[in-house]
2 protein chains.
Amino acid sequence: MAMRYLTAKLAQQIDEELMSAGAFSLDQLMELAGLACAQGLATLYSKERYPRVLVCCGPGNQGGDGLVAARHLGMFGYKPTVYMPKPGSKEIYQRLKLQCDNMKIPTLPPSNETSSLSQALSSSDVILDAIFGFSFKGPARSPFDEALKLISGSGLPIVSVDIPSGWDVEQGNIYGVGLEPDLLISLTAPKLGVKSFKGRHFLGGRFVPKMLEERFELNLPEYPGYEQIVELERDQAQKL
Amino acid sequence: MAMRYLTAKLAQQIDEELMSAGAFSLDQLMELAGLACAQGLATLYSKERYPRVLVCCGPGNQGGDGLVAARHLGMFGYKPTVYMPKPGSKEIYQRLKLQCDNMKIPTLPPSNETSSLSQALSSSDVILDAIFGFSFKGPARSPFDEALKLISGSGLPIVSVDIPSGWDVEQGNIYGVGLEPDLLISLTAPKLGVKSFKGRHFLGGRFVPKMLEERFELNLPEYPGYEQIVELERDQAQKL
């Protein structure tokens, strides 16, 4: 049975299901998702060679995952910096941001200008892209349109969370300005838009109960041991 | 600098600090603590040889950690069963319990009788002891006094969370009925009562910001890589 690639609508539905019938809080899901992202990045990019991680956060839940990942990366011994030009309004983002502040993780000043981003890129070793998630409707608007160009142009390795920022969730990089990550970390289950993604591809979000997995016919791969991430084979969709 | 062993009062204070100035929610801390417990157990007791884990939960936050651990153990492929004779009244325990139910993790019926515990012990391979934590004031009362005897008498390997159940948090096994675990997983920082503990000893709860660690002079050991647990050397208190 092939692993299922989710439409935006189905991804939304599963998320809601996890929090209603599944009884998970957003705090729990975000903590495990963000931890998986931090561990995924740490698997490919060592803190010795890539200590300075620029964690780019959007204004939605994807940005929340990014803040959690930034904190765990700080715990692992990296030197993260947060770029979050449009801080989300939900109370949880303020708490997650404060947790980063308490770790002395710097955040670039919120702004529509991208000059601080340019500077930060020139002193970073790797990007964690948590700008847009499965609820993204393109094309990207200011300041993110400009930010995507700068990030792409930096030549730094990019780790994208769930869907590379700027990509259509179902149709992929149709706007032509989306990031081209070296590593993609899908959460819960991969989205339709990344079906032909060619880079390294991990799956995280090891919290989907079997009954939910079966109901939505996700056919998730088996995670190894007690890990929170599993690597997907490049032609898993075809092979299984 | 020696790692600090905490009094009950200091443990309480650090917990409160994490949730006030630290801006952590109980959901977050419990998720990371429970995950560390599940990973700690999985490190020593493989699911192939020890598939049936009896997760014994008290009515407090320690029991909440146990429920989180039970869920993660289920995710890892173990067959956990929950023994929680006095379910906690906090809303979070009901959610955590429902998350276990959704994983088809059975829970023994709440009861003051210990007959179902006896039965469950006879079909278990390892115990996760999450009965009493750092707020325990002994001696243990019914039904836990009887439960501790049955668990000790089962001869099964025991993994205790934070403080072996029945032990005084600062003075150790002074009541004589406390469990003698094979593996102890201390959370945040070890407690005074386990300073002379002789078994394998892990530390979990990788969420203490450096500034808090320094303020309370915890001198925590370094966690390896992206792990959520670190093994403490048996004479770490003396050696460091």
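**Aromatic pairs, helix packing and a buried glutamine**

Trainee: Are A:Trp167 and A:Phe197 buried or exposed?

Mentor: This is a predicted model, where local features need pLDDT of at least 70 and side-chain atom pairs count only at pLDDT 80 or more, while totals for chains, interfaces and linings use all residues. Residues are numbered from 1 along each chain as its sequence is written, chains are lettered from A and ligands numbered from 1 in the order written, and side-chain values use heavy atoms, without hydrogens or water. On the scale here, buried is under 20% relative accessible area, exposed is over 50%, and partly exposed is in between (1.4 Å probe, protein chains only). Both A:Trp167 and A:Phe197 come out as buried.

Trainee: How many aromatic pairs does a search of the whole structure find?

Mentor: Rings of Phe, Tyr and Trp (its six-membered ring) pair if their centres lie within 6.5 Å; planes under 30 degrees apart are stacked, over 60 edge-to-face, and the rest tilted. Over all chains, the count of aromatic pairs is twelve.

Trainee: What sort of pair do A:Trp167 and A:Phe197 form, and how far apart in sequence are the parts it ties together?

Mentor: Their ring centres sit 6.4 Å apart with 65° between the planes, so the pair is edge-to-face. Strands are DSSP E runs of at least two residues and helices are H or I runs of at least four, numbered from the N terminus. A:Trp167 is in the loop between β4 (158-161) and β5 (183-187) of chain A, and A:Phe197 is in the loop between β5 and β6 (200-204), so the parts tied together are apart by 30 residues.

Trainee: Which helix of chain B holds B:Phe144, the partner of B:Phe132?

Mentor: B:Phe132 and B:Phe144 pair edge-to-face, 5.3 Å centre to centre and 65° between the planes. B:Phe132 lies in the loop between β3 (126-130) and α6 (144-153) of chain B, twelve residues away from B:Phe144, which is in helix α6.

Trainee: At what angle do helix α3 and helix α4 of chain B pack?

Mentor: Helix α3 covers residues 61-76 and α4 residues 91-102, with axes 9 Å apart. Axes are lines fitted to C-alpha atoms over the stretch in contact, and angles run from 0 to 180 degrees between N-to-C directions. Helices α3(B) and α4(B) pack at an angle of about 20°.

Trainee: Where is A:Gln39, and what is its relative accessibility?

Mentor: A:Gln39 is in helix α2 (residues 26-44) of chain A. A:Gln39 counts as buried because its relative accessibility is 2%.
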